[in-house]
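I hope they are handy as you look around it yourself.

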Amino acid sequence: MARKTALDKIYPRDMKALGALAKVGHASQDQLHEFVRDKRLYTYEKAGLIGRVPYNRPGDRDRDQICYHLTRAGREFCRNELHFSDMYKAQSVAHDMGLADRFFALTPTERDSWLTESQVRDMYQQYIDKLRDQGEEETAKSLWDSLESGQVSPPDGCYTADTGEQVVVEVVTNNYGEAEIQEKINFVENMGVSWNSFDFIRI
C-alpha cells in the first residue's frame, strides 16, 4: 500500500480528484485540474496512487491528452483511507474517457449521485435478495440466472439529474451490437427501478 505519509493531510479537493477516478476509471489532466494542480497530481503519482497514460484521440492530434487512473495501491488507499467502496474498474482509456467526459459535464450535485457499475450490480443483487425474502423465489432465480448467463449486463454508471430524471450511462464502442445494448436495457428493466433515460455514448 502507498505510504500514508505521502498524503499527510487529505483535503476536500483530494477527495474530489481521487473520487472522480474511482467513479470513471480514467480522467484527463485538464479534467482533474478542476480540483487539483499539477503539483498535487505529482504528489499522487510519486506516492504510487495514480498512473499516467497518454490518450491519442483518433484523427485529432491537437486533442491528445495525458490521462490518469488509480493504481492498485491507489485503489487500496481510496478504500482504506478515504472509505470509497464499489469503485469503478478502469477499462481502456478510450472507453473511460467517454465516461469521464460525461461525468465532468455534470453539475456537482449530479456527480454526487453517480453510481458505478459495481454499485448498480449490488443494487441488482439486493433486489434479488428482497424478492427471496418476500417468497418470490422463482422470480429471484430467473433474474439471477439472466445475470449469470449474460442475458443482462449492468451499465457503466447511473446518476440523478438535477431535474429528478434518473439517467443510465453506457459507453458504446464499435464492437457493440444491438444485443449488447439490449442487455443493458434489460438489466435496468428487470430491477423495476424508475431510471427513465438512457445515455449511450458512442466512441
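1. Cysteine 78 counts as buried, at 0% relative accessibility (buried means under 20% relative accessible area and exposed over 50%, with partly exposed in between, using a 1.4 Å probe and protein chains only). Cysteine 67 is buried too, with a relative accessible area of 0%. A word on the source: this is a predicted model, where local features need pLDDT of at least 70 and side-chain atom pairs count only at pLDDT 80 or more, while totals for chains, interfaces and linings use all residues. Residues are numbered from 1 along each chain as its sequence is written, and side-chain values use heavy atoms, leaving out hydrogens and water.

2. With a disulfide taken as a pair of cysteine sulfur atoms within 2.5 Å, the count comes to 0 disulfides.

3. Turning to the strands, you will find an open sheet of 4 strands in the order β4-β5-β6-β7, with mixed pairing. Helices (H or I, at least four residues) and strands (E, at least two) are DSSP runs numbered from the N terminus, and two strands pair if DSSP finds at least two bridges between them. β4 (115-116) and β7 (197-202) are the edges; each has a single partner strand, so one side of each lacks a neighbour in the sheet.

4. β4 runs antiparallel to β5 (residues 157-160), and 2 bridges join them. Across this pair, threonine 116 stands opposite glycine 157 in β5. Helix α9 (residues 178-191) packs on the sheet, touching β6 (166-172) and β7, and its direction makes about 155° with that of β7. Contact here means heavy atoms within 4.5 Å; axes are lines fitted to C-alpha atoms, for helices over the stretch in contact, with angles from 0 to 180 degrees between N-to-C directions.

5. Which residues of α9 are buried? They are Ile181, Lys184, Ile185, Phe187, Val188 and Met191. These residues cover an arc of only 150° around the axis, so they lie on the same side of α9; the arc is that of the directions from the helix axis to the C-beta atoms. Their cover includes α7 (117-133), α8 (137-148), β6 and β7. Glu178 and Glu189, on the other side of α9, are exposed.
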